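Please look at the sequence and the model below before reading on. The text then goes through the chain from its overall make-up to single residues.

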Amino acid sequence: MARSQPTHSPTASFSAPPLETTLSPALLALIREQDKQEENLFDPISLPTNDSQEKTPETKPQRSENVVKQPAVSERPASASQKAPGPRADDQLLDLLQKDLDRAIEQTPERRQLQFSKAVTENPKVRYYIDYFSRNGKNHFQTALARSGKYMPMIAKVLRDEGLPEEFAYLALIESGFLMDTSSSGASGIWQLVPATARRYGLKIDPWIDERRDAARATRAAAAYLKELHIYYGRWYLATAAYNAGQATIDRATQASGAKDFRKLTENIALKEETRNFVPKFVAAALIAADPKKYGFGNLRYEAPVEYEEVEVSEGMKLEGLAEMANTTSKTLQELNPELLTSQLPPGDKTFRLKVPMGQATLLAAALNERKESAPLQVITHKVEKGETLFSIARYYGQTVKALMELNGLATPKLQIGQQLKIFIEGVRGVLR
């Protein structure tokens with residue numbers, strides 16, 4: 001039996017000095033006068049390409065993959081925190097933060113906590129975004145921070161296990177606002193991974209399932225990706241920037257300038273301000289998350305951590321039937337298993353680890369085993385329709401092509417429209433995990 005349980009409260013702790021978050025009206029006016037691109041927080045905008053691949057081949061070509069067209073994909077603007085307007089980035093902050101991150105990662109896992117230095121917390125750009133998130137962007141930020149309660153215990157544990165500061169969880173806040181949505185650029189889940197990157201780190205994506213929407217699996221993939229980017233670039237701020245803007249974007253700038261720091265990069269290549277300001281946004285978000293009341297979020301109510309047990313189901317059953325066996329609802333099962341793209345478990349000969357409410361795993365496993373023992377073995381007849389193949393039919397019924405060919409005495413997998421096939425229907429199996 002596998003259980004997902006909270007390991008600590010939704011917020012992290014930081015050793016940061018008191019910080020005045022309200023900039024003077026004169027300074028704010030000056031900053032906003034310098035930045036003419038400020039726009040309404042919720043206006044539709046074009047999405048940046050996340051992760052290691054953009055729409056065109058770049059310096060580290062990868063095997064081309066066909067992106068599966070997913071049902072019910074909702075196109076949405078980039079996270080409001082990600083697109084928040086702001087002044088020109090202060091590249092000195094990057095060097096300061098790098099030292100703080102290095103110190104945190106050198107600590108033992110139980111003490112691996114990101115403690116921002118005074119120079120970082122008092123940086124004008126960090127103060128700008130603290131002021132922005134606690135004023136103009138307060139409604140969005142408060143909603144996203146409340147939503148973080150569902151995932152923070154799990155994310156913090158995974159990041160610690162992977163040797164990363166748990167404060168990296170707030171990269172997800174900037175990227176997605178802890179929403180599972182799929183963007184028009186193809187990025188999905190709370191870590192906004194694109195298909196090629198997700199598959200590269202072992203996540204499954206097909207018409208039935210998208211494991212980018214499985215928060216635990218996606219967090220492990222994102223942690224591995226961040227560590228690989230750090231090995232590649234040698235700088236954490238470049239790794240986080242590449243995660244946000246796309247590795248190809250940073251590679252282009254690096255190759256063109258021959259440099260590996262933002263200061264030299266931006267002298268030659270104009271990176272988007274959104275990318276250059278990703279670091280102060282992250283620092284501001286982490287500081288607010290550590291002490292929300294200090295920054296005016298006194299009424300914040302975190303959503304309860306997601307808790308569940310898992311049961312292995314060996315047949316592509318519908319959620320409605322499984323919900324009845326587990327004494328819950330199909331809506332609850334869908335919410336616990338957002339990686340499922342349909343109301344049915346993936347067909348095939350592999351088991352699926354279904355998440356169920358705490359305390360319901362034993363009930364479901366017993367019901368599945370009882371069904372297996374009581375259900376008679378069945379052989380049904382399937383009439384081949386136009387467009388069907390032996391592979392598609394086998395997949396639908398959770399069979400193998402070889403088994404269907406043997407059962408029906410077929411010498412080749414070619415089928416004729418109207419041909420009748422015998423299908424052997426096996427029982428189901430439930431195993432506690």
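The model is predicted: local features need pLDDT of at least 70, side-chain atom pairs count only at pLDDT 80 or more, and totals for chains, interfaces and linings use all residues. Residues are numbered from 1 along each chain as its sequence is written, and side-chain values use heavy atoms, with hydrogens and water left out.

The protein chain has 19 helices and 6 strands. These elements are DSSP runs, helices being H or I of at least four residues and strands E of at least two, numbered from the N terminus. Of the 433 residues in the protein chain, 50% are buried. Buried stands for under 20% relative accessible area, exposed for over 50% and partly exposed for values in between, with a 1.4 Å probe and protein chains only. Contacts, meaning heavy atoms within 4.5 Å, can also be sorted by sequence separation. Among those in the protein chain between residues at least 6 apart in sequence, 74% join residues at least 24 apart.

Two packed helices are described by the angle between their axes and the distance between the axes. Here axes are lines fitted to C-alpha atoms, for helices over the stretch in contact, and angles run from 0 to 180 degrees between N-to-C directions. Angles under 35 degrees count as roughly parallel, over 145 as roughly antiparallel, 65 to 115 as roughly perpendicular and the rest as oblique.

On the H4 side the contact is formed by Lys125, Val126, Tyr129, Ile130 and Phe133, which meet Pro280, Lys281, Val283, Ala284, Ala285, Leu287 and Ile288 in H14. By class, this contact of H4 with H14 has 10 nonpolar, no polar and 2 charged residues. Ala, Val, Leu, Ile, Met, Phe, Trp, Tyr, Cys and Pro count as nonpolar, Asp, Glu, Lys and Arg as charged, and the others, Gly among them, as polar.

Another pair is helix H9 (residues 215-233) with helix H10 (residues 236-245), whose axes come within 8 Å and cross at roughly 125°. H9 and H10 are therefore oblique to each other, and their crossing is right-handed. Ala222, Tyr225, Leu226, Lys227, Leu229, His230 and Tyr233 in H9 touch Trp236, Leu238, Ala239, Ala242 and Tyr243 in H10. The contact of H9 with H10 divides into 10 nonpolar, 1 polar and 1 charged residues.

H9 also takes part in the surroundings of helix H6. In H6 (residues 152-161), 7 of the 10 residues are buried, so this helix is largely enclosed by the rest of the structure. The buried residues are Met152, Pro153, Met154, Ile155, Ala156, Val158 and Leu159, and they pack against helix H7 (170-176) and H9. After H6 comes Gly163, with a positive phi near 80°.

What does Ala172 touch, leaving out residues up to four places away in sequence? Its contacts are Gly177, Phe178, Ile190 and Trp191. Ala172 belongs to H7 and is buried, at a relative accessible area of 0%. Between Ala172 and Ile190 there are 5.9 Å in space, C-alpha to C-alpha, although they are 18 residues apart in sequence.

Ser176 is also in H7 and is buried at 2% relative accessible area. A polar atom of the Ser176 side chain lies 3.0 Å from the backbone nitrogen of Phe178, and the Ser176 side chain reaches the backbone oxygen of Ile190 at 2.7 Å. Polar contacts are pairs of N or O atoms within 3.5 Å; within protein, one must be able to donate a hydrogen and the other to accept it, and residues adjacent in sequence count only if both atoms are side-chain atoms.

Phe178 lies in the loop between H7 and helix H8 (195-200). Its phi is positive, near 60°, in a residue other than glycine, and Phe178 is buried at 1% relative accessibility. Gln192 is found in the loop between H7 and H8, has a positive phi of about 50° although it is not a glycine, and is buried with a relative accessible area of 2%.

Conventions: Left-handed = near helix turned anticlockwise from the far one by under 90°.
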